[in-house]
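Here is a friendly tour of one model, taken a few features at a time. Have a look at the structure below, and then we can start with a question.

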Amino acid sequence: QIFTVMEFKLYRYIMNPSIIFVWVFGLLLVMTPGIVDWSAIWPWAKAVAVVAMTWFHMWLGKRRKEFAAGANVLSGRNYRIMNEVPTILMIVIVIAVVVKF
């Protein structure tokens, strides 16, 4: 029960505002003239990674609701593997922006 409340607070008060800020500030940055060179590969790689991170955020929201309902169908191994997804996406995003390939 305590774990379910902790998951709810994490998702609602930390993760949801974070993904909203990512999209708002990212779109503001993209709309600033001269910042992004769309003929390069890096903005597209970053955009794909951000969309994938958003999908992952929604996937986690669905898993949280399953946990709250007591209907979890995935194993601990699945969650350990999926735990690496945001790290890999973050690495792709940072390398794309820093290297600007």
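## A phenylalanine to start with

Is Phe 67 buried, partly exposed or exposed? This is a predicted model, and in it Phe 67 has a relative accessible area of 30%.

## Aromatic pairs

Searching the whole structure turns up 7 aromatic pairs. In one of them, the ring centres of Phe 67 and Tyr 79 are 5.6 Å apart and the ring planes meet at 40°, so this pair counts as tilted. Phe 67 belongs to helix H2 and Tyr 79 to helix H3 (residues 76-82), so the pair ties together parts that are 12 residues apart in sequence.

Now to helix H4, which runs over residues 85-99 and has 15 residues. From first C-alpha to last, H4 reaches 21 Å, close to the 21 Å expected at 1.5 Å a residue.

Which residues of H4 are buried? They are Leu 89, Ile 93 and Ala 96. These three lie on the same side of H4, because they cover an arc of only 70° around the axis. Helix H2 (42-69) is included in what covers the buried residues of H4. Over on the other side of H4, Ile 88, Val 98 and Val 99 are exposed.

## Just after the helix

Lys 100 follows H4, and its phi is positive, near 50°.

Terms used. Residues numbered from 1 in each chain as written. Predicted model: local features only at pLDDT ≥ 70, side-chain atom pairs only at ≥ 80, totals over all residues. Heavy atoms only, no water. Helix = DSSP H or I, 4+ residues; strand = E, 2+ residues; numbered from the N terminus. Expected span 1.5 Å × (residues − 1). Buried < 20%, exposed > 50% of the residue type's maximum accessible area, 1.4 Å probe, protein only. Arc of directions from axis to C-beta. Contact = heavy atoms within 4.5 Å. Phe/Tyr/Trp six-rings, centres within 6.5 Å; stacked < 30°, edge-to-face > 60°.
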